[in-house]
Amino acid sequence: LIDNGVYIPIAVCGLGTDHLNNIVEVEKDFGLCSHQFKFLHISSCFPRKGIEYLLEAYSRVFSEKDNVILIIKTFKNVHNNIEDILSSYKRNNIHFPKVQIIFNDFSESKIKKLYQSCDALVAPSLGEGFGLPIAEAMQFGLPVITTNYGGQLDYCDISNSWLVDYEFNYSGTHFGLTSSVWAEPSVDSLSQCLQNVYASSKSEILSKTKSAKKLINNYTWDAVSRSNVEFVNQIITRKPYNSSIAFITTWNTKCGIASYTKHLVDNIYDKFYILARSNVDYPLVANDSENVFRCWSNNSKLDQLFHKILYLNVNSIVIQFNYGFFDLTELK
């Protein structure tokens, strides 16, 4: 956000993950296949969620003969074509491993039971804000496989998760953005993570899941509330920052530089001043406003301009340079 020009205060408060802890378990059985090892994936199945990478990696490691199943909990939406994708994989691989897709809405007790009924969560996302299912899975002691990029790295690392390598590529989201990239997970790395989790001993799994649960227990809704309140208090008690910009330019004249500056400042939110040329021998195209100061002339001494900058106490200066305006030695 900062790199893309957001200048207002920013803080990360995370999310709470303890909302399922007090749910009374009323669900006994809701149709899960009784295979030995269950990988769980919970998402919208939008392209960003990496479902095709998951199915590809899953098919490389396992076949229908393996005692393993991938459970995909999702919901119907216009960007969700998981059934078509899965059908395509099955047509090309008659030994494709077992998959169960769940579209039904689940109550909180069913979601809790789903986590408790599975053996690992896999989330090869191409980008996350927080990754709530990942954090929820950690709460219930599930080993987590996820991409080594995104908001989930606030709480996922090599000590508590199986992290998937990635490389950046232009995004293919339904927003139609042409300058946005996301982190495409490596299918080879994801395959290796699936194999490692499946083949790991209970003690190897426990070493990571214990670390994950200890860390994720800090992500409570009480902690989120405190973080937000502290952030607001910091904003309302801090000393205001005087953000101001001075443009050294022509202004209110029939000049391309003047027009260019006008377009710039029309989209500026900071306080700005115009330090304009004073020796204008033709009518201005508009009256100067109170933030315009005419304090320099062509190829003359810039002492008046220098003192005006000091007086205004600006933070940044934009010089619209032209050889006809300034003697370079005066700018030293």
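A salt bridge here is a side-chain nitrogen of Lys or Arg within 4 Å of a carboxyl oxygen of Asp or Glu. Arg48, Lys49 and Glu128 are linked in a network of such bridges, and by this rule the count comes to 7 salt bridges. Before going further, keep in mind that this is a predicted model, where local features need pLDDT of at least 70, side-chain atom pairs count only at pLDDT 80 or more, and totals for chains, interfaces and linings use all residues. Residues are numbered from 1 along each chain as its sequence is written, and side-chain values use heavy atoms, with hydrogens and water left out.

Let's stay with the charged pairs for a moment. Arg60 forms a salt bridge with Glu56, with 3.1 Å between the closest N and O atoms. Both residues belong to helix α1, and because they are 4 residues apart there, about one helical turn separates them. (Helices are DSSP runs of H or I with at least four residues, strands are runs of E with at least two, and both are numbered from the N terminus.) The general rule is that an α-helix has 3.6 residues a turn, so residues three or four places apart point the same way.

How open are these two to the outside? For that we need relative accessible area: buried means under 20%, exposed over 50%, and partly exposed in between, using a 1.4 Å probe and protein chains only. Arg60 is partly exposed at 47%, and Glu56 is partly exposed at 24%. Asp266 bridges to Lys262, the closest N and O atoms being 3.0 Å apart; Asp266 is partly exposed at 47% and Lys262 is partly exposed at 39%. Arg294 and Asp288 meet at 2.7 Å, N to O, with Arg294 partly exposed at 23% and Asp288 partly exposed at 30%.

Now turn to a lysine without such a partner. Lys208 sits in helix α6 (residues 202-216). Lys208 is buried yet has no salt bridge, and the nearest side chain of opposite charge, Asp157, is 7.5 Å away. (In this scheme Lys and Arg count as positive and Asp and Glu as negative, while His and the chain ends are not counted.) What lies 2.8 Å from a polar atom of the Lys208 side chain? The backbone oxygen of Ser161 does. That distance falls inside the cut-off for a polar contact, a pair of N or O atoms within 3.5 Å; within protein, one must be able to donate a hydrogen and the other to accept it, and residues adjacent in sequence count only if both atoms are side-chain atoms.

Leaving aside neighbours within four places in sequence, Lys208 touches Ile158, Ser159, Asn160, Ser161 and Trp162. Ser161 itself lies in the loop between β5 (144-147) and β6 (162-164), and it is buried, with a relative accessible area of 1%.

Next, have a look at strand β2. Of its 6 residues, 6 are buried. β1 and β2 run parallel and are joined by 6 bridges (strands pair if DSSP finds at least two bridges between them). Within that pairing, Ile42 has Lys73 of β2 as its bridge partner.

Helix α3 (residues 108-117) comes in here too. Its buried residues are Ser109, Ile111, Lys112, Leu114 and Tyr115, and they pack against β1 (37-42), β2 (68-73), β4 (120-123) and α4 (132-139).

Cys45, in the loop between β1 and α1 (51-61), has a phi near 65°, a positive value in a residue other than glycine. Asn252, in the loop between β9 (244-249) and α8 (256-265), also has a positive phi, about 55°, although it is not a glycine. Cys45 is buried at 2%, and Asn252 is buried at 13%.

Finally, the cysteines. With a disulfide taken as a pair of cysteine sulfur atoms within 2.5 Å, the count comes to 0. Cys45 is in no disulfide, and the nearest cysteine sulfur, that of Cys118, is 14 Å away. Cys118 is buried too, with a relative accessible area of 7%.

Technical notes: Lys and Arg count as positive and Asp and Glu as negative; His and the chain ends are not counted. Contact means heavy atoms within 4.5 Å.
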